[in-house]
Amino acid sequence: MANLKEIRNRISSVSSTMQITSAMKMVSAAKLKKAQDAIIAMRPYADKLTELLQNLSASLDADSGSVYSVNRPVNKVLVVAITSNRGLCGAFNTNILKECFSLVENKYAGKQVEFIAIGKKAADILSKNNVVIANHSEIFDDLTFANVATIAEELMAKFVDGSYDKIEIVYNKFKNAATQIVMTEQFLPIVPNKEEASTTTDYIFEPSKIEIVEELIPKSLKTQLYKGVRDSFASEHGARMTAMHKATDNATELRDQLKLTYNKARQAAITNEILEIVGGAEALNN
């Protein structure tokens, strides 16, 4: 009977876990809808703004170029790693951290690489072996354009004053609830789109091309970072919903197996008791 009690305890434990994972799945599904609608509505605006900025930047003369498009020899790199504050979302955070380590070991080997973490998971892991100069994990408590814009302004200031020669963003791009794509985007310096600039029609500028570009660049960079954070936010809920769905299915399967094992053990115990009773009765008769 001790064996039966152990199996009953395991069934109870698995059932409790299944209820938790099922609840987490429903919560993430509810949050995902809102986050997905937000990033899908934002992408066309962000992409068109970036395209327009690249075209205008490519058409500027070298002498009249923006301070945000200055190309310097790359010696010091800043990487903005966007993860989540919580786990239980499959390989969502692990994929970002792997990409960050790959940048340090391969693409920027021999360079000085530092990080800004947006998300507790990035801050916790990257700070063990790398320099994390800031942690903005609180951004997810109130995810607004104004709050993200403050971080973008900080990045722009660090590039302009020469603290870093290049700034990159690493985040998960939302495709659907089950698929997230790890993206590494160059934030600064701005990369002009030479091909697009040579094929597009001429614009009429008022007041002037330089003034428009200078006004457009900060807005575009803030939008780019906000889009990355929004993409990551939607991807997190999609990844967590998928992970919890799989966990619930696995818990259900394990519970069913334990119930079958329990029934077999219980049947065997009853059979043994019957055999003992029959054997005792036969011994008395003899």
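A: Start with the labels. Helices, marked H, are DSSP runs of at least four residues, and strands, marked E, are runs of at least two; both are numbered from the N terminus. Also keep in mind that this is a predicted model.

Q: Okay, what follows H4?

A: Glycine 162 follows H4, and its phi is positive, near 85°.

Q: How many residues does H4 itself have?

A: H4 has 16 residues, numbered 145–160. From first C-alpha to last, H4 reaches 22 Å, close to the 22 Å expected at 1.5 Å a residue.

Q: Which residues of H4 are buried?

A: Val148, Ala149, Ile151, Ala152, Leu155, Met156 and Phe159 are buried. Seen down the axis of H4, these buried residues fall within an arc of 160°, so they line one face of the helix.

Q: Why would residues three or four places apart point the same way?

A: An α-helix has 3.6 residues a turn, so residues three or four places apart point the same way.

Q: And what covers the buried residues of H4?

A: The cover includes strands E1 (76–82), E2 (112–118), E4 (166–176) and E5 (179–188), along with helix H6 (209–285).

Q: How do H4 and H6 cross?

A: Their axes come within 9 Å and cross at roughly 120°. That angle makes H4 oblique to H6. The crossing of H4 and H6 is right-handed.

Q: Which residues meet there?

A: On the H4 side, they include Val148, Ala149, Ile151, Ala152, Leu155 and Met156. On the H6 side, they include Pro218, Leu221, Leu225, Tyr226 and Val229.

Q: New topic: H2. What does H2 reach from its first C-alpha to its last?

A: H2 reaches 22 Å with its 16 residues, close to the 22 Å expected at 1.5 Å a residue.

Q: Which residues of H2 are buried?

A: Phe92, Asn93, Ile96, Leu97, Cys100 and Leu103. They cover an arc of only 130° around the axis, which puts them on the same side of H2.

Q: What about the other side of H2?

A: Lys98, Glu105 and Asn106 are exposed there.

Q: And what covers the buried residues of H2?

A: The cover includes E1, E2, H3, E4, E5 and H6.

Q: H3 is on that list. At what angle do H2 and H3 cross?

A: The axes of H2 (residues 92–107) and H3 (residues 120–129) cross at roughly 40° and come within 10 Å. That makes H2 oblique to H3. The crossing of H2 and H3 is right-handed. H2 brings Asn93, Leu97, Cys100 and Phe101 to the contact, and H3 brings Lys121, Ala122, Ile125 and Leu126.

Q: Let's zoom in on asparagine 93. Buried or exposed?

A: Asparagine 93 counts as buried, at 8% relative accessibility. The cut-off for buried is under 20%.

Q: What is asparagine 93 in contact with?

A: Leaving aside neighbours within four places in sequence, asparagine 93 is in contact with Thr83, Ser84, Arg86, Gly87 and Lys121.

Q: And glutamate 168, where is that found?

A: Glutamate 168 is in strand E4. Glutamate 168 is buried too, with a relative accessible area of 2%.

Q: What about alanine 35, where does that lie?

A: Alanine 35 lies in helix H1 (residues 2–59). Alanine 35 is buried, with a relative accessible area of 2%. Its contacts are Phe233, Ala234 and His237, not counting residues up to four places away in sequence.

Q: Last one: is the peptide bond from leucine 188 to proline 189 cis or trans?

A: That bond is cis, with omega near 0°. Most peptide bonds are trans. Proline 189 lies in the loop between E5 and helix H5 (194–199).

Key. Residues are numbered from 1 along each chain as its sequence is written. This is a predicted model: local features need pLDDT of at least 70, side-chain atom pairs count only at pLDDT 80 or more; totals for chains, interfaces and linings use all residues. Side-chain values use heavy atoms; hydrogens and water are left out. The expected span of a helix is 1.5 Å times one less than its number of residues. Buried means under 20% relative accessible area, exposed over 50%, partly exposed in between (1.4 Å probe, protein chains only). The arc is that of the directions from the helix axis to the C-beta atoms. Contact means heavy atoms within 4.5 Å. Axes are lines fitted to C-alpha atoms, for helices over the stretch in contact, and angles run from 0 to 180 degrees between N-to-C directions. Angles under 35 degrees count as roughly parallel, over 145 as roughly antiparallel, 65 to 115 as roughly perpendicular and the rest as oblique. A crossing is left-handed if the near helix is turned anticlockwise from the far one by less than a right angle, and right-handed if clockwise.
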